[in-house]
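User: Hi! I'd like to go through this structure with you and check the terms against their definitions.

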Amino acid sequence: LPMSTKRKAPPSAGQAAKKAAPAVPAEVLVPDIYLPETRERVKKELEAAAPYKHLRIPTLCHDSAVRGIHHELVHNLTANLKESDLFKVYQTCDLANLGRNGVMEELAAQMPGLIALRNELYSD
């Protein structure tokens with residue numbers, strides 16, 4: 001048979017499980033980052049950073065949250081290639097306003113982990 005007429009085998013149980021969206025925990029960021037001693041340590045590291053101010057936070061998010069958010073992005077967003085003579089970039093919709101003031105509420109409902117991450121990053 002020619003390649004184009006072959007049927008694909010049905011996905012195995014393992015493959016089906018891989019495609020299921022991982023659960024995103026209620027808190028996306030690890031709670032340790034809110035502790036006063038963590039803030040002091042990070043502040044000192046930033047002040048001592050050289051040759052330029054930089055910071056490395058080894059564990060910012062729960063691993064399961066990052067995997068869930070990645071799955072949401074890959075399976076729900078589309079990106080359009082924009083190019084100029086200087087660069088090429090893939091552009092998505094405005095994620096900062098996603099689900100706010102009636103902006104793309106259906107898409108926001110499909111990405112609760114991303115919305116939770118955005119809300120935690122931009123909260124007090």
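User: What joins E1 to E2?

Analyst: A hairpin joins E1 to E2, through four residues. Before we go on, this is a predicted model, where local features need pLDDT of at least 70, side-chain atom pairs count only at pLDDT 80 or more, and totals for chains, interfaces and linings use all residues. Residues are numbered from 1 along each chain as its sequence is written, and side-chain values use heavy atoms, with hydrogens and water left out.

User: How do you know that E1 and E2 pair?

Analyst: Strands pair if DSSP finds at least two bridges between them. Four bridges join E1 (residues 80-83) to E2 (residues 88-91), so the two pair, and they run antiparallel. Strands are DSSP E runs of at least two residues, and helices are H or I runs of at least four, numbered from the N terminus. Within the pair, lysine 82 stands opposite valine 89.

User: What makes the span of H3 close to the expected one?

Analyst: The expected span is 1.5 Å times one less than the number of residues. H3 has 14 residues and reaches 20 Å from its first C-alpha to its last, close to the 20 Å expected.

User: Why are the buried residues of H3 said to line one face?

Analyst: Buried means under 20% relative accessible area, exposed over 50%, partly exposed in between (1.4 Å probe, protein chains only). The buried residues are Ala65, Gly68, Ile69, His71 and Glu72. Seen down the axis of H3, they fall within an arc of 155 degrees (taken from the directions from the axis to the C-beta atoms), so they line one face. The face turned away carries the exposed Arg67, His70 and Val74.
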